[in-house]
Amino acid sequence: MSNECGKLYVVATPIGNLGDISFRAIEILKQVDLIAAEDTRHIKMLLQHYGIGNKLVSLHQHNEDKASEGLLEKLREGLSIALVSDAGTPLLSDPGMPMVKMAKEAGIEVVPVPGACALIAALSAAGLPVTQFVFEGFSPRTSSARKAFFSERLTCPITWVFYESSHRILDSLQDMAEVLPLDRQVVIARELTKLHETIVKASLGEALKLVEEDANMRKGEFVVIVDGAVIDKKEQVLTPEQEKILSVLLSECSIKTAVSMAVEITGVRKKLLYQAALDIEKAKQGR
Ligand code: SAM
C-alpha cells in the first residue's frame, strides 16, 4: 500500500442511546477529512451532540457503487474517510460493502472502529447459546418466502438471528408459528438501548401471544433470536447412498482414509462417518 493513500475507517455508531459510541470513534470522526454517511441529516444529530463539524458526503444503498468510486479516488489522493451508517455497524444490513471491497482491492488500509451492533447487543442479553450462531439479516418480505425461510431453518442446530421491522413483526411470528414447534425458545429484543427497551425470552407460542395482545410489542425496531433445534441422536444416520460410499472406501482403504475421503465426498460430519465406519467394520468381523 502506498504511504500517500488515506485510510478508510469503518465506524460503528449508536443504535439508540447516544452514549454508546467509543472515545476512539469520536476522535476519528473529528480527525478524518470526510465522513461518508448513509443519511447525512440523520448522522448530523450525533455529530452535533459530540461537537463534530466535519464534512459529510452521502453514501447510501442507491448510490453506493458510484459514490464509492468517487471516495476511492479521494482515498488515493491521501484523504482519510470515516464510513458510518444510520445506526450500528456499517455493512451489517447496511450500506458499505462495495466501498470496503473496492478499498481492499486497491490496497487501501481499512480500519474497523467497533461499537454498537443490534444483533450482538441482542445476543449478549438473550440467554440463548452463542458459541455458534447464524445471522440472517432481514427475514423475507412476503409470507410465502418467510415460511420457506423458516422451514429451511427448522432443523438448524445452532442459534439463529434475524432483523425485523415493526410492520412485519406480527406476520413474521405468525408465519414462524406455522412452521416451527410452538415450544421452541425465542427472544424478541425490541428498541435496544432506548427508552422502551424490551427483551422477552419465551416459547414461540407465548411470544406470539404477547405480540398479538400488546400493541406496544409491535412498535420500534426488533431483533429476533431463535434457539437451535435439538437434533434427535437417533435421526443422525447415513442415507443408504452415503453408507454405500463409505463401505466401498472401507474395502479399499484404512478407516482413517476412508472417513476423510467420505467427509470430502458426502459433506457429512466426520464424527458420524467415523462411528458408521466402526459399525461397518464390526459387522464385517461378525460375519
Ligand atoms: N447496522 C445495524 C447494526 O449494526 O445493527 C443494523 C441496521 S439495519 C438497517 C436496521 C435493523 O437493525 C432494524 O430494522 C432492526 O431490526 C435492527 N435494529 C437496529 N437498531 C435496533 C435497536 N435499537 N433495537 C432492536 N433492533 C435494532
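Which helix is Ile265 found in? In this predicted model, Ile265 belongs to helix 10, which covers residues 255–266. With a relative accessible area of 52%, Ile265 is exposed, because the cut-off for that label is anything over 50%.

An unreviewed UniProt entry lists residues 238–279 as "domain: RsmI HTH". In the model, that span is 83% helix and 0% strand. Its end C-alpha atoms lie 12 Å apart.

Five strands line up here in the order 3-2-4-1-5, forming an open sheet with parallel pairing. Strand 3 and strand 5 (110–113) are the edges, each pairing on one side only. On average, neighbouring strands of this sheet are turned by 25 degrees against each other, if direction is ignored. Helix 1 (residues 23–31) packs on the sheet and touches strand 1 (8–11), strand 2, strand 4 and strand 5. The direction of helix 1 makes about 135 degrees with that of strand 5. Helix 4 lies across strand 1, strand 4 and strand 5, and runs at about 150 degrees to strand 1.

Strand 2 pairs in the parallel sense with strand 4 (residues 81–84) over 4 bridges, and Ala36 stands opposite Leu83 of strand 4. With strand 3 (residues 56–58), strand 2 also pairs in the parallel sense, this time over 3 bridges. There, Ile35 stands opposite Leu56.

The loop between helix 3 and strand 4 holds Ser80. Is Ser80 buried or exposed? Ser80 counts as buried, because its relative accessibility of 15% falls under the 20% cut-off. Setting aside neighbours within four places in sequence, Ser80 is in contact with Gly6, Lys7, Tyr9, Gln31, Val32, Asp33 and Leu34.

Two packed helices are described by the angle between their axes and the distance between the axes. For helix 3 (residues 64–76) and helix 4 (residues 97–105), the angle is about 35 degrees and the axes are 9 Å apart. The crossing of helix 3 past helix 4 is right-handed. On the helix 3 side, the contact is made by Glu64, Asp65, Ser68, Glu69, Leu71, Leu72 and Leu75. Helix 4 contributes Met97, Pro98, Met99, Met102 and Ala103. Sorted by type, the residues of this contact come to 8 nonpolar, 1 polar and 3 charged.

A further open sheet is also built from 5 strands, but here the order is 6-7-10-8-9 and the pairing is mixed. Strand 6 (133–138) and strand 9 (198–203) form its edges, each pairing on one side only. From one strand to the next, the twist averages 15 degrees. Strand 8 (residues 185–190) and strand 9 pair in the antiparallel sense over 6 bridges, and Ala189 stands opposite Ile199 of strand 9. Helix 8 (residues 204–213) lies across strand 8 and strand 9, and runs at about 135 degrees to strand 9.

Definitions and conventions: Residues numbered from 1 in each chain as written. Predicted model: local features only at pLDDT ≥ 70, side-chain atom pairs only at ≥ 80, totals over all residues. Heavy atoms only, no water. UniProt positions renumbered as here; feature names shortened; annotations may be inferred. Helix = DSSP H or I, 4+ residues; strand = E, 2+ residues; numbered from the N terminus. Axes fitted to C-alpha atoms, helices over the stretch in contact; angles between N-to-C directions. Left-handed = near helix turned anticlockwise from the far one by under 90°. Contact = heavy atoms within 4.5 Å. Nonpolar A, V, L, I, M, F, W, Y, C, P; charged D, E, K, R; others polar. Pairing = 2+ DSSP bridges. Buried < 20%, exposed > 50% of the residue type's maximum accessible area, 1.4 Å probe, protein only.
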